[in-house]
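The sequence and the model are shown first.

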Amino acid sequence: MKIKTIPKYTVYLLLVLAASIPLFFDIKMPNKPVDSSAATFKSLMTLEKGDTVLLGTDWTGSTRGESKAELIAILRILMRKEVKFAMWSSADAQSPRCAQDVITEVNAMMKKEGSREYKQWEDWVQAGFYPNSDVAINNVGQDVKKMFSPKRGTDSTGKLRSVMESPVLEKIQKIEDFKLVIDVTASKTSDFHVQFISSHKVPMIFAVTGVMVPETDVYYNSGQIAGFLGGLKGVYDVEVMMDKGLNVPDKDGKIEVASTKVTDQIAGFPGKDNTGSGSKYYPTLHFALALMIVLVVIGNVEMAMARKGAKNS
Amino acid sequence: MNLELYYALSKAAGVVVTVGLFSVLYKENKFYRFCEHLFLGLAAGWAAVGVWTESLHTIWYDRMMGTVDEAGKAQSGGHWIYAALLPVGFMSYMVFSKKHNWMARVPLGIVLGVWSGQQIQAYFDTYGPQVRAGMKPIIGTSGFLVPGADSGINPQVIAANVYWSQAISNFLFMFTLVSVLSYFLFSFEVKNKIILKVNIMGRYLLMIGFGAIFGTTVMMRFTLVIDRMYFIWNEFFYKTLFHGK
């Protein structure tokens with residue numbers, strides 16, 4: 001029995017077209033944020049000016065489509081709310097470079113919208129890369145001051161000093177002093193955060209890839225983390241909430257973006273440019289998925305017909 | 001070289017390598033192999049330098065040698081005890097020696113010891129809260145549907161009640177939990193007909209779970225393809241070549 005109706009090169013070509021053509025159009029998708037995205041949005045929006053968060057970035061170019069988009073959305077919120085952050089990595093030596101490029105990109109966005117640009121040392125610090133994720137994350141949970149003290153950065157006068165002396169980390173003595181622990185990850189570091197930091201009673205949120213959504217959902221549903229952004233859907237959710245707020249009624253009293261689990265009214269950043277990769281990629285993803293479903297159906301029908309034909313002959 | 005030209009060339013290189021890696025879809029070819037090896041070499045080189053500059057230099061070398069400021073003044077003293085770590089690390093390479101490969105077990109033993117010690121904490125902090133959260137009420141105390149944010153009911157009152165839609169959802173959760181656990185009863189032969197049925201249900205529910213995981217995996221892979229297409233069409237052709245806004 002041989003099935004050969006659609007050549008594989010045609011399938012590849014169709015996929016390239018489905019993954020490219022919708023990118024040229026501004027397509028609006030109806031959307032209801034999932035609970036985990038709404039909870040993440042709440043955790044980020046309740047931060048106040050001057051708060052400090054620990055931001056783990058454990059992704060590289062291989063998951064750029066999701067992880068970079070998640071980091072951009074998170075950084076936009078942190079920078080608009082003037083929250084300081086200490087960035088660190090433990091999964092891959094490429095991670096710090098990838099994240100620093102994103103900070104540069106988001107700074108350019110902030111400049112374009114007339115907001116203040118973030119300065120290294122004053123507003124954020126690079127706390128370094130540490131191999132052996134499990135041991136590194138355990139050490140951060142046990143003694144963050146001892147862990148980050150050897151890492152030096154250039155202060156505003158050009159002197160090399162320990163990052164713990166920076167305005168970002170000078171008040172941090174232990175992990176509980178951070179208002180929020182964030183991990184943008186494409187690896188097992190989310191598990192290690194749960195294993196070694198969750199017992200310290202510091203709120204944690206993750207931004208994970210689509211593959212990791214089912215396993216991360218367990219942590220969210222059991223209350224081990226405050227929320228998480230799951231893949232492209234998570235990015236689109238947070239971009240929509242940044243634009244329209246959460247549980248915020250419009251002039252007619254109608255709530256466009258609502259969540260039954262997160263009942264607080266949280267205003268977003270109306271009037272600002274909140275679109276990012278989520279808004280650009282999410283509609284395109286639907287076209288690609290629709291193509292896949294059509295091809296699966298065609299393949300199954302073909303197979304059924306071929307079997308029937310073989311039986312009859 | 002001006003900065004604009006540098007960015008244009010780096011993006012062009014990105015496009016060439018992306019096309020090169022996708023070319024394997026046509027057939028195995030030398031261009032694909034070249035791009036693959038280029039990536040492996042870059043990643044290995046970057047990792048070696050990154051581990052030294054970002055990690056070993058600060059957490060080992062600086063602690064051993066001490067640090068100085070720009071003027072050459074001592075900032076922190078060195079602790080030579082850190083030098084003792086070097087031979088321990090090098091012992092790992094003794095795995096290549098037939099005569100002295102026992103030495104490689106020393107660093108391996110240290111790593112295993114650290115890992116094993118951590119697992120007690122890791123296990124309880126991972127599964128303890130999950131077991132506690134697994135005890136869910138399966139009997140409703142109020143209406144069927146959970147009132148929405150615009151219902152005017154105090155959110156704390158909503159949170160304090162168990163609505164029947166939630167109770168049904170909790171029951172499905174409990175049933176799935178018990179049936180999947182029963183699937184893993186390998187220590188003895190299950191003969192009870194009811195447990196056998198629950199056992200089979202557990203297998204099907206596991207399949208549904210794997211299907212959901214596969215679905216999210218497919219979505220992620222498609223997102224990566226879309227991102228590459230965006231890079232080629234928008235970031236390179238539209239913005240870099242044609243200076244689009």
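The paragraphs below treat a strand pair, backbone angles, salt bridges and surface charge.

This is a predicted model, in which local features need pLDDT of at least 70, side-chain atom pairs count only at pLDDT 80 or more, and totals for chains, interfaces and linings use all residues. Residues are numbered from 1 along each chain as its sequence is written, chains are lettered from A and ligands numbered from 1 in the order in which they are written, and side-chain values use heavy atoms, with hydrogens and water left out.

Helices (H or I, at least four residues) and strands (E, at least two) are DSSP runs numbered from the N terminus. In chain A, strand E2 (residues 84-89) pairs with E3(A) in the parallel sense over four bridges; pairing requires at least two DSSP bridges between two strands. Met87(A) has Gln126(A) of E3(A) as its bridge partner. Six of the six residues of E3(A) are buried, so this strand is largely enclosed by the rest of the structure. Here buried means under 20% relative accessible area, exposed over 50%, and partly exposed in between (1.4 Å probe, protein chains only).

Most residues other than glycine have a negative phi. Trp121(A), in the loop between helix H4 (95-112) and strand E3 (124-129) of chain A, has a positive phi of about 85°. Trp121(A) is buried at 4% relative accessibility. Asn132(A), in the loop between E3 and helix H5 (133-142) of chain A, has a positive phi of about 65°, and is exposed at 52% relative accessibility.

Over all chains, the structure holds 20 salt bridges, each a side-chain nitrogen of Lys or Arg within 4 Å of a carboxyl oxygen of Asp or Glu.

| Asp264(A) | Lys42(A) | 3.4 Å |

Asp264(A) lies in the loop between helix H9 (231-244) and H10 of chain A and Lys42(A) in helix H2 (residues 35-45), so the pair ties together parts that are 222 residues apart in sequence. Asp237(A) and Lys233(A) are four residues apart in helix H9 of chain A, separated by about one helical turn. Asp237(A) is buried at 0% relative accessible area, whereas Lys233(A) is partly exposed at 22%. A network of salt bridges links Lys49(A), Glu82(A), Arg116(A) and Asp123(A).
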